Amino acid sequence: RAMVSYGSGQLDNGWSYAFSVGTRQGGNGYVDGVYYNSYSYFASAEKLFGQNHRLALTLLASPSERGAQQASTDEAYALFGNNYYNPNVGYQAGKLRNSRVRNTHEPIVMLNYTWDMSENTRLNAATSLRFGRNGYSALTWNAGADPRGDYYRYMPNSDKTQIVPGITTDETIYFYAMDGAMAKGVWDGMLDYDKFFQTNMRNIDTDPVLSKLMGNNSRSNYMIEERHTDQLDLNLTAQIARTFRDNSRLVAGILYRWNRTEYYDKVKDLLGGDYWVDIDKFAERDFVGEEEKQNDLHYYYEHGHARRVEEGDKFGYDYYANIRQAKLWAMYNFNIAGLE
C-alpha cells in the first residue's frame, strides 16, 4: 500500500487546498484467482470570503478491481486437496483467470457552504453527487452442462441415474469413476478457457436469417457477463444552528435525496466469438415457441428474430429503480439549573 498526500493550509489570499493519491495491491494468495487492485484519489479546495463565508469543492473516489471466491462443497474440496478451491478460475493460454471479478468506480463530488451569520448562528449547506459503475462479472453459457468443476453431476458420488446419456468428454470421465481416487486423477476443477475459445470460434450459426445478417460469424456459447448496479445519487441538505444566551441550542434542517439505480447485464468478453444471442436459455429449454424465449420481445416483433449483442452491449435485462426522499427536522436542547 502506498499513499501521497499534501495540504496547503489556509493561504493569505483565503484559499486552501489538499490532495491525496494512493493504491493498495494484493496478488493471488491462498485462494486461486483472488486478488485486489485498488486506487484512490482525493482533491479539495476551499475559499474564504471575508470572515464569514466559506465555499469548498471536493472530489474523491476509489476505483477498485478484485477477484472473488465462490463457496463449494466438501466433496469438491476433498478432490482438490484443500479448502481453498475456487470454481471460478481456470487457465487461459497458460495464465490464471478468474471469471468472477468485482469492478467499481463511483466518484463523489461535494460542494459545501458555511455562513457564520453571527457569533451564535451558523448556516451550513451542502450538496453531493455520486455516480459511476458497479459491476460483477460471471461466466454464462447457452447450451450444455455447467462448465464449472464443482457442478454436482461431475462429482463421483453423484447419482449416476441422473447422468445424461452420451456424455463422454474428458471433463466428464469422472462421472463413471468407481471411487474418489480415480476421479481425482482426472478432475482438476478448473475452467477450461482454451476450450471455450475453440468452441465459440467453431460455432457458426446455421440459422438462415442470422447467417444472412451476421455473415456466418461465430456465435458464442460461452461468455463473461457483467451484472451492473450503477447509481446516480444526489443529496441536498441545509442546516441552521443557533445558541441562545441561556446556553440552549436550536438546530433545524432540511434534506432531499434523489437516487436512480440502473440494473442491467452487459457482455464483457465473448471469449473468441463474434456475438451472443439475447434469449433466455431456460425458456429455450422449456418452451417450443420463439416468443417465450426472447429477452427483448419488442426487438423480436420489429425485426422477426432475436437480438444479437456484442462486447459492451446490454442484454437480458435493463431497468431503473428510483428513490425520492425529503426530510424536515428540528431539535432543541436546553439546560435546567442543576441538571444537564
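User: How much space lies in the second largest pocket of this predicted model?

Analyst: In this predicted model, about 340 Å³ of space lies in the second largest pocket. The pocket is lined by 23 residues, and the closest to its centre are T140, E225, R227, K281 and F282.

User: Which elements give two or more residues to the lining of the second largest pocket?

Analyst: They are β11 (133-141), β13 (222-243), α5 (281-286) and β17 (314-333). The most comes from β11, with 4 residues. By class, the lining has 10 nonpolar, 6 polar and 7 charged residues.

User: Why is the pair of Y317 and Y319 called tilted?

Analyst: The ring centres are 6.2 Å apart, and rings pair if their centres lie within 6.5 Å. The planes stand at 45 degrees; under 30 would count as stacked and over 60 as edge-to-face, so the pair is tilted. By this rule the count comes to 11 aromatic pairs. Y6, Y17 and F19 form one aromatic cluster.

User: What makes Y317 and Y319 partly exposed?

Analyst: Y317 has a relative accessible area of 34% and Y319 one of 44%. Buried means under 20% and exposed over 50%, so Y317 is partly exposed, and so is Y319.

User: How do you know that the charged end of K47 sits over the ring of F49?

Analyst: The charged end of K47 is 5.9 Å from the centre of the F49 ring, and the cut-off is within 6 Å, together with an angle within 35 degrees of the ring normal. The charged end of R102 likewise sits over the ring of Y136, 4.3 Å from its centre.

Definitions and conventions. Residues numbered from 1 in each chain as written. Predicted model: local features only at pLDDT ≥ 70, side-chain atom pairs only at ≥ 80, totals over all residues. Heavy atoms only, no water. Phe/Tyr/Trp six-rings, centres within 6.5 Å; stacked < 30°, edge-to-face > 60°. Buried < 20%, exposed > 50% of the residue type's maximum accessible area, 1.4 Å probe, protein only. 1 Å grid on protein atoms, 1.4 Å probe; cavity = no way out; pocket = protein on both sides within 12 Å on 5 of 7 lines; lining within 4 Å. Points joined across faces, edges and corners; volume = space filled by probe spheres on them. Nonpolar A, V, L, I, M, F, W, Y, C, P; charged D, E, K, R; others polar.
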